[in-house]
Amino acid sequence: MTLQPLISEEAIAPEIDYPDSDGNPMADNTEQYRWIVIIKENLEIMFADDPNVFIAGDLLWYPVRRTQKRVAPDVMVALGRPKGRRGSYKQWLEDNIAPQVVFEILSPSNKDRRGQDSLEDKFDFYQTYGVHEYYIYDPDDLILEGWQRVGDRLVQIPSMLNWVSPLLGIRFDWAFGQELIISRPDGQRFLSPVEISQRLQQSEIQVWQEQQRTAQERRRAEAQQQRAEQESQRAEQESIRANRLAERLRALGIDPDDV
């Protein structure tokens, strides 16, 4: 009897579609969107020089092939994955590396029963599929919560006051009832795009002013050098005239020292 090679069910299972959109909006209001942009873009800036940190906002993450299990974190960070365009994050195409850090920004729609159920489903998803750090921020009620993986579970962080992300190194400066402040490891605050533009303009103005001061100092130094050269030339000319006069006096038999 000839033994037939075993073929796994996964190998013969047909491939399926993995939509790049779930039909849901990225944000429900301007405040939710503002915070998604602040966190995503500042993380992009922070890791701009590291080619192996992939950051995305509202991108569908498919953890398992041939299923449509998926979720779209407001912001996610996959350490060890290259930057680049993606329609979705298919984990089996990413060396099976799950995003390690995810952020969710709450909006009014998250706070009804359906929204709460959705957040609970997301929590279970993140816990099941390997997220190491999970943060939820409510910009309306100014509430911040975080969870960190311990073994195979996400355990709530007791206090987010001055909490530093073990994986990202960012600091959450937060007190109940106050707006969240996130800082990079170098202490630079996460800023909105408008604030970044204003800082850039201010920096450019300061550079221009410093260039003007440097040019003014250079012109002043050049003018002083020119005056010094003119004084030296005048002194040299006076010396030449004095020597010529002395020679004429001697030619007339007069000692110049007696004049």
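User: What do the numbering and the values rest on?
Analyst: Residues are numbered from 1 along each chain as its sequence is written, and side-chain values use heavy atoms, without hydrogens or water. Local features need pLDDT of at least 70 and side-chain atom pairs pLDDT 80 or more, while totals for chains, interfaces and linings use all residues of this predicted model.

User: How many aromatic pairs does a search of the whole structure find?
Analyst: Rings of Phe, Tyr and Trp (its six-membered ring) pair if their centres lie within 6.5 Å; planes under 30 degrees apart are stacked, over 60 edge-to-face and the rest tilted. On that basis the whole structure has 14 aromatic pairs.

User: Which elements hold tryptophan 35 and tyrosine 137?
Analyst: Helices (H or I, at least four residues) and strands (E, at least two) are DSSP runs numbered from the N terminus. The pair links parts of the chain 102 residues apart. Tryptophan 35 is in helix H2 (residues 30–46) and tyrosine 137 in strand E6 (residues 133–138).

User: Is tyrosine 137 buried or exposed?
Analyst: Buried means under 20% relative accessible area, exposed over 50% and partly exposed in between (1.4 Å probe, protein chains only). With a relative accessible area of 2%, tyrosine 137 is buried.

User: What is the angle between the planes of tryptophan 61 and tyrosine 126?
Analyst: Tryptophan 61 in strand E2 (residues 61–62) and tyrosine 126 in helix H3 (residues 113–128) are 65 residues apart. Both residues are buried. The pair is stacked, with 6.3 Å centre to centre and a plane angle of 10 degrees.

User: Which element gives the most to the lining of the second largest pocket?
Analyst: A pocket is an open set of points on a 1 Å grid over the protein atoms alone where a 1.4 Å probe fits, with protein on both sides within 12 Å along at least five of seven lines; lining residues have an atom within 4 Å of a point. Of the 10 lining residues, Gln116, Leu119, Glu120, Ile136 and Trp147 are closest to the centre. H3, E6 and strand E7 (143–150) each supply at least two. The most, four residues, come from H3.
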